Amino acid sequence: MPDAPWRVGQQVCVEVPASSANLGPGFDSVGIALDIRDRCTVTITDAPGVEVVVAGEGADGVPLDESHLVVRSMLRAWDLLDVAPPVGMRVECRNAVPHGRGLGSSATAIVTGIGAANALWRLAISGSADIEPHFVNDLAAQLEGHPDNSSASVWGGATLSWLDDRSDPNEEVSLPHTTTLALSPHPDIRPLVFLPQVQLSTATARSVLPAYVRLGDAAANSARVGVLVHALTRDPSYLRAGTRDYLHQEPRRPSYAASMALVDALRGAGIAATISGAGPSVLALAVGEQGERAAADAPAGWQVLDPGFAQTGIRLVD
Ligand SMILES: Nc1ncnc2c1ncn2[C@@H]1O[C@H](COP(=O)(O)OP(=O)(O)OP(=O)(O)O)[C@@H](O)[C@H]1O
Ligand SMILES: N[C@@H](CCO)C(=O)O
């Protein structure tokens, strides 16, 4: 593995937005970026090892060594680039994305690490830090296991992503590869997030999903994904129809019963609402006066966030 021309004092700072995945039927494929951003500064030092400093969301719950998700993702990126990591570095994270709530915090951390590693390497070899979004998008989807959250964090706006199909002889496959269509959300849509106090890990929420679904449900779901893309980008009046899911929310209902009760109430009031990612937060895509009505439906103890879409994904800051 060749040494990169690291120099002590080289530094990059990246900001990465939160995301909400699925939006109902777009399980593991559709995401939106929300304007809540984690910020991370990585500096090459002459002290051997990794120093991790964390402030903000999750600060008390994450490891402060090489097993930290941002650091692990950096090391994985350098490994893939066939670059030996620097002898010493300091990683400072200022987190705003809540952990384990369905706002894509793990994907945000993975995108942060890969993007920072990519930018530092570019800085070392060319004197100018920049980020190659296709590289970050592809590796982040591999590390996260599905591209919906990570692609939204990379590209911003709304995204529709899919993986190469290795069983299809007509698809050229070398490495696992993610393709993402970047979509522009309709300006009338206001994403609201209802945040309960409890957490639910994605791994737990995925463990209750069935291995197989009925053909009728698969057919109904694929129709709704088409409606979702149309509603999200062209005609928000179809949002409630386009956010109807047939695959994952019902099997998970016992894991987030209070969240499903809120989804049902909002949908009953004519507002497009879904579980955000693997839950337990609830996402409402409000239009016009629906925003105020939806916020008034928040159960006691729940926080309502009104972050707006993040129009840009990962970015370097000075
Ligand atoms: N900024 C971060 N730094 C380090 N580790 C993180 C960070 N964000 C998330 N993690 C790790 O990921 C875990 C949460 O990931 P998980 O996939 O369960 O939920 P989520 O990504 O917040 O929600 P979802 O995937 O449903 O949108 C945290 O408990 C922590 O271990
Ligand atoms: N598509 C994922 C999003 C959470 O990471 C799921 O619902 O499990």
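Select alanine 257, which sits in helix α9. Keep in mind that the model on your screen is predicted. Is alanine 257 buried, partly exposed or exposed? Its relative accessibility is 47%, so alanine 257 counts as partly exposed. The band for that label lies between 20% and 50%. Alanine 257 and serine 20 are 237 residues apart in sequence. In space, their C-alpha atoms are 19 Å apart.

**Stop two: the helix and its sheet**

Four of them form an open sheet, in the order β8-β9-β7-β10. The pairing is antiparallel. Look at the two ends of that order. β8 (272-275) and β10 (303-305) are the edge strands. Each has a single partner strand, so one side of each has no neighbour in the sheet. Turn the view and follow the twist: from one strand to the next, it averages 25°. What holds such strands together? Strands of a sheet pair through backbone hydrogen bonds.

Zoom in on β7, residues 189-195. β7 and β10 pair over 3 bridges, in the antiparallel sense. Pick valine 193 and look across to β10: its bridge partner there is leucine 305.

**Stop three: a cis peptide bond**

Go to the loop between β8 and β9, where you will find proline 280. Select glycine 279 along with proline 280. The peptide bond from glycine 279 to proline 280 is cis, with omega near 5°. Most peptide bonds are trans.

Most residues other than glycine have a negative phi. Here are two with a positive value.

- Select asparagine 22 in strand β1, residues 11-22. Its phi is positive, about 85°. Asparagine 22 counts as buried because its relative accessibility is 2%, and the cut-off for buried is under 20%.
- Select aspartate 82, in the loop between α1 (69-80) and β4 (88-95). Its phi is near 60°, also a positive value. Aspartate 82 has a relative accessible area of 40%, so the label here is partly exposed.

**Stop five: serine 29**

Move to strand β2, residues 26-45, and pick serine 29. At 16% relative accessibility, serine 29 is counted as buried. Which residues does serine 29 touch, leaving out those up to four places away in sequence? Show Asp148, Thr159, Leu160 and Ser161.

**Last stop: ligand 1**

Select ligand 1 and display its surroundings. How many residues surround ligand 1? There are 18, and the closest are Gly100, Gly104, Ser105, Ser106 and Thr202.

- Histidine 68: one of its polar side-chain atoms lies 3.4 Å from a nitrogen atom of ligand 1.
- Serine 105: a side-chain N or O atom is 2.6 Å from an oxygen atom of the ligand.
- Serine 106: a polar side-chain atom lies 2.9 Å from an oxygen atom of ligand 1.

On its own, ligand 1 has 630 Å² of accessible area. The protein covers 82% of that.

Key
Residues are numbered from 1 along each chain as its sequence is written. Chains are lettered from A and ligands numbered from 1 in the order in which they are written. This is a predicted model: local features need pLDDT of at least 70, side-chain atom pairs count only at pLDDT 80 or more; totals for chains, interfaces and linings use all residues. Side-chain values use heavy atoms; hydrogens and water are left out. Helices (H or I, at least four residues) and strands (E, at least two) are DSSP runs, numbered from the N terminus. Buried means under 20% relative accessible area, exposed over 50%, partly exposed in between (1.4 Å probe, protein chains only). Contact means heavy atoms within 4.5 Å. Two strands pair if DSSP finds at least two bridges between them. Axes are lines fitted to C-alpha atoms, for helices over the stretch in contact, and angles run from 0 to 180 degrees between N-to-C directions. A residue is near a molecule or strand if one of its heavy atoms lies within 4 Å of it. A polar contact is a pair of N or O atoms within 3.5 Å; within protein, one must be able to donate a hydrogen and the other to accept it, and residues adjacent in sequence count only if both atoms are side-chain atoms. Accessible areas come from the Shrake-Rupley method with a 1.4 Å probe; for residues, only the protein chains shown count as cover.
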